[in-house]
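Subject: Structure for your files

Dear colleague,

Here is the structure I said I would pass on. My notes on the sheet and the ligand follow below it.

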Amino acid sequence: MAPEKSAEAVGLLRTFERRFLAARALRSFPWQSLEEKLRDSSDAELLLDILQKTVRHPLCVKHPPSGKYVRGFLSELIRKHEAVHAEPLDELYEALAEVLTTEESSQGHRSYLLPSGDALTLRESSAIVSHGTTGLVTWDAALYLAEWAIENPAAFASRTVLELGSGAGFTGLAICKECRPRAYIFSDCHSRVLEQLQGNILLNGLSPEPPPPPGHSPPGSEKPTVTVAQLDWDLVTGPQLSAFQPDTVIAADVLYCPETIRALVRVLRALSAGPEGRRAPDAFVAFTVRNPETSRQFTAELAQAGIRWEAVPRHGQKLFPYDEHAEMAILKLTLPAPQTHMET
Ligand SMILES: C[S@@+](CC[C@H](N)C(=O)[O-])C[C@H]1O[C@@H](n2cnc3c(N)ncnc32)[C@H](O)[C@@H]1O
């Protein structure tokens, strides 16, 4: 019988699996710990296990990351092995040979394991900015917000959720799979982003539909009604926003320049102007604090628009492989009660 793996080896395998499937930067992998473990043991069992959890993982076989990424990963694994063992390991070279001829692509798949045992796979760009947009990759705040949502499903269950600046679609897909919303409206302004978003929704077994009439919910449906809307914060009108009638509004990593922040706050303010008797939606905005001045500007614009905010306490579980040293924040916004309409 094979010996039980130590808790340390199990943890290491899990980290390699999650980071590799999500195609995280190779420098973020625990290479040092791997090398130490390889020095301690004389067999190559651990490396073969890592191969199974990464390049040979069924999700990777079906929807691989870019060939360049897989080549870089295997080359590093081979270097680590050869630093401590004299004999080359055939399995690593065979896997490398298989990807040597892969055509170069500016896109690849990234997969994320969900607590339910399900997984999400998205087609994403390899570059953080391409086609003039940042929306073709999943940003860390999207992962962070999804984690919080999974820990707080009541904010989404049986509700209509509107997401602003959905990008590749990770947060929305995670909420659709794990939080049982009644309806989910993905939105973005960029046509290339919307095209990729549609593809990612289909890839995960959901199908975008035309918007249902307000208040309509299909009886007994397990899956939420999913729609994709082209929504530009600079151009959208009050009546267009009112038609969405969301119960919850979310956005991840959408704060950058002063103009964008102003336009976003104008949209949030306008979303509170629903039909009479309807309560204003709950809103949550997640971001990585890269520049404190940007967060200050956002909260100043919120105050000016009469929107109160509070920081959501950091949640407990870490499910997704974002940079743990980065400062992340989620603000819960209290939109003013419906009364005024946005100018069109
Ligand atoms: C940094 S990406 C974040 C994407 C996604 N939420 C995530 O965190 O992975 C910012 C997104 O906001 C969208 N965006 C930027 N300005 C916008 C605007 N004026 N109206 C609507 N969407 C906008 C971009 O197209 C892009 O998809």
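Two strands are taken to pair if DSSP finds at least two bridges between them. Helices (H or I, at least four residues) and strands (E, at least two) are DSSP runs, numbered from the N terminus. The model is predicted: local features need pLDDT of at least 70, side-chain atom pairs count only at pLDDT 80 or more, and totals for chains, interfaces and linings use all residues. Residue numbers start from 1 along each chain as its sequence is written.

The sheet

Seven strands form an open sheet in the order β5-β4-β3-β6-β7-β9-β8, and the pairing is mixed. At its edges are β5 (225-230) and β8 (308-311), each of which pairs on one side only. From one strand to the next the twist averages 20°, with axes being lines fitted to C-alpha atoms (for helices over the stretch in contact) and angles running from 0 to 180 degrees between N-to-C directions.

Seven bridges link β7 (residues 282-288) with β9 (residues 328-334) in the antiparallel sense. Within this pair, A286 is opposite I330 of β9.

Around β4

β4 runs parallel to β3, with three bridges between them, and L162 has I185 in β4 as its bridge partner. β4 is also parallel to β5, here with six bridges; Y184 lies opposite V226 in β5.

Six of the six residues of β4 are buried, that is, 20 or more other C-beta atoms lie within 10 Å of the residue's own, with C-beta atoms placed from the backbone (12 or fewer would be exposed, and in between partly exposed). A183, I185 and S187 point one way from the strand, while Y184, F186 and D188 point the other way.

Helix α8 (residues 170-178) lies across β3 (160-164), β4 (183-188), β5 and β6 (248-252), at about 175° to β4. Contact means C-beta atoms, placed from the backbone, within 7 Å. Together β3, α8 and β4 make a right-handed β-α-β unit: with the strands pointing away from the viewer, the path from the first strand over the helix to the second runs clockwise.

The ligand

There are 25 residues around the ligand, and G135, A142, G165, G167 and C189 come nearest; a residue is near if its C-beta atom, placed from the backbone, lies within 6 Å. The elements giving two or more residues to this shell are α7 (140-151) and α11 (258-271). By class the shell has 12 nonpolar, nine polar and four charged residues. Ala, Val, Leu, Ile, Met, Phe, Trp, Tyr, Cys and Pro count as nonpolar, Asp, Glu, Lys and Arg as charged, and the others, Gly among them, as polar.

Regards

Terms used. Contact = placed C-beta atoms within 7 Å.
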